[in-house]
Amino acid sequence: MSQQVQGVVARGKGQPVGIETIVVPDAGPGEAVVRIEACGVCHTDLHYREGGIGEDFPYLLGHEAAGVVEQVGADSGALAVGDRVVLNWRAVCGECRACRRGQPWYCFSTFNASQPMTLADGTPLSPALGIGAFAEKTLVAAGQCTVVDTSPDPAAAGLIGCGVMAGWGAAVNTAPVVKGDTVAVIGCGGVGDAAIAGAVYAGARQVIAVDRDPRKLEWARGFGATHVVDATGDDVVSQLRALTGGFGPDVVIDAVGRPETFRQAFDARDLAGTVVLVGVPTPDMTLELPLQEVFGHGGATKSSWYGDCLPSRDFPLLIDLWQQGRFPLERFVSERIGLGDVEAAFEKMHRGEVLRSVVVL
């Protein structure tokens with residue numbers, strides 16, 4: 001028997017979002033209905049609204065969420081009603097070639113719920129990243145539910161489901177930063193600050209934050225940046241080299257995802273250093289690099305997919321670190337809002353006024 005709930009829907013490219021009635025079917029085999037407690041407002045949701053990811057409107061937005069399992073279908077493993085969960089958008093299949101070779105964080109066959117959620121008139125909805133959590137309840141694949149202890153604050157815990165995990169994982173999993181490294185992070189929004197916190201956790205001796213916004217540079221200091229670089233000033237590459245003995249950082253993480261910031265990261269790193277791209281570029285962006293420089297610089301150039309995380313391993317770890325006072329997860333929550341405030345939250349995010357607005361239900 002289906003349920004009717006309220007959710008935030010984007011009906012067309014560039015159109016303001018609105019609250020609409022959503023029909024959530026009962027959980028089928030391998031599925032779960034989750035009552036949402038909190039969901040962060042992420043740039044990815046704005047990309048959906050703007051048509052930057054696809055044009056399968058209408059979209060049910062929201063994906064960075066924590067909640068409580070309300071229903072489970074057959075074949076849902078150990079997941080149980082009442083479990084507190086953080087939702088993930090990469091439900092690992094366990095059978096693809098990446099999973100078989102022991103690298104499930106690269107799973108090439110992740111999956112979502114089989115049944116569609118709909119509008120009241122029966123129009124199928126496309127849930128953002130297969131989740132659709134700007135809603136009182138949502139239907140997901142059971143594998144998208146990672147059981148954690150979220151009781152201290154679901155508004156903070158839910159952020160692990162996307163931006164925080166992407167940034168922290170870029171530093172800890174993808175790079176990976178090792179004890180004694182020098183690290184620079186370009187772009188100090190939510191993802192960039194999570195990368196800074198991850199680099200600190202991994203034992204970096206120097207963490208340099210790069211941004212154009214003085215507010216963001218100050219936020220970065222709160223997450224452990226030892227130095228800051230104002231990207232509106234002198235050449236960023238020269239500043240990064242000056243701060244690292246003339247050599248450049250061992251690791252540079254691009255949390256912006258534009259050709260110009262990636263080129264700064266590539267040029268600034270030390271010889272045999274590592275560049276990690278975690279900021280998501282748009283489909284129209286291209287990059288040209290002299291092949292001789294690619295060869296001559298050595299090292300590694302990597303992209304980070306979801307922080308190369310394994311949700312079952314990394315989500316509980318971050319919760320534990322937070323509860324132990326070793327990871328300042330609560331600092332990412334700039335404000336708590338209602339479903340009707342999502343459009344305004346997009347504007348604040350665009351102006352750089354918040355790290356994360358979080359819808360609390």
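Contact here means that heavy atoms lie within 4.5 Å of each other, and the views below all come from a predicted model.

View 1. Leaving aside neighbours within four places in sequence, Asn88 is in contact with Ile131, Gly143, Gln144, Cys145, Thr146, Tyr306, Pro311 and Phe315. Two polar contacts of the Asn88 side chain can be followed in this view: the side chain reaches the backbone nitrogen of Ala91 at 3.4 Å, while a polar atom of the Asn88 side chain lies 3.2 Å from the backbone oxygen of Gly143.

**View 2. The second largest pocket, with a volume of about 220 Å³.** This pocket is lined by 15 residues, of which Ala142, Gly143, Cys145, Thr146 and Ser312 are the closest to its centre. Gly143, Cys145 and Thr146 are also among the residues in contact with Asn88. Both β10 (145–147) and α10 (311–323) supply at least two residues of the lining, and β10 gives the most, with three residues. Sorted by class, the lining of the second largest pocket has eight nonpolar, six polar and one charged residues.

**View 3. The largest cavity and the residues that line it.** A search of the whole structure finds one cavity of 30 Å³ or more, and the volume of the largest cavity is about 30 Å³. Its lining is made up of Glu64, Leu159, Gly163, Val164, Gly190, Val191, Phe332 and Arg356. The elements that give two or more residues to this lining are α4 (163–174) and α5 (190–202). By class, four nonpolar, two polar and two charged residues line the largest cavity.

**View 4. Helix α6 (residues 214–222), with its buried and exposed residues.** Lys216, Leu217 and Ala220 are the buried residues shown in α6. Seen down the helix axis, the buried residues of α6 fall within an arc of 100 degrees, so they line one face of the helix. An α-helix has 3.6 residues a turn, so residues three or four places apart point the same way. The buried residues of α6 pack against α5, β12 (206–211) and β13 (227–230), whereas the face turned away from this buried side carries the exposed residues Pro214 and Glu218.

**View 5. The two ends of α6, with Asp213 and Gly224.** At the N-terminal end, Asp213 caps α6, with a side-chain oxygen placed 2.9 Å from the backbone nitrogen of Arg215. Just after the helix, Gly224 takes a positive phi of about 115 degrees.

**View 6. Ala300 in strand β16 (residues 300–303).** When neighbours within four places in sequence are left aside, the contacts of Ala300 are with Arg269, Gly273, Thr274 and Val275. Ala300 and Val251 are 49 residues apart in sequence, and their C-alpha atoms are 9.5 Å apart in space.

Technical notes
Residues are numbered from 1 along each chain as its sequence is written. This is a predicted model: local features need pLDDT of at least 70, side-chain atom pairs count only at pLDDT 80 or more; totals for chains, interfaces and linings use all residues. Side-chain values use heavy atoms; hydrogens and water are left out. On a 1 Å grid over the protein atoms alone, a cavity is a set of points where a 1.4 Å probe fits but cannot get out, and a pocket is an open set with protein on both sides within 12 Å along at least five of seven lines; lining residues have an atom within 4 Å of a point. Grid points are joined across faces, edges and corners, and a volume is the space filled by probe spheres set on the points. Helices (H or I, at least four residues) and strands (E, at least two) are DSSP runs, numbered from the N terminus. Ala, Val, Leu, Ile, Met, Phe, Trp, Tyr, Cys and Pro count as nonpolar, Asp, Glu, Lys and Arg as charged, and the others, Gly among them, as polar. Buried means under 20% relative accessible area, exposed over 50%, partly exposed in between (1.4 Å probe, protein chains only). The arc is that of the directions from the helix axis to the C-beta atoms. A polar contact is a pair of N or O atoms within 3.5 Å; within protein, one must be able to donate a hydrogen and the other to accept it, and residues adjacent in sequence count only if both atoms are side-chain atoms.
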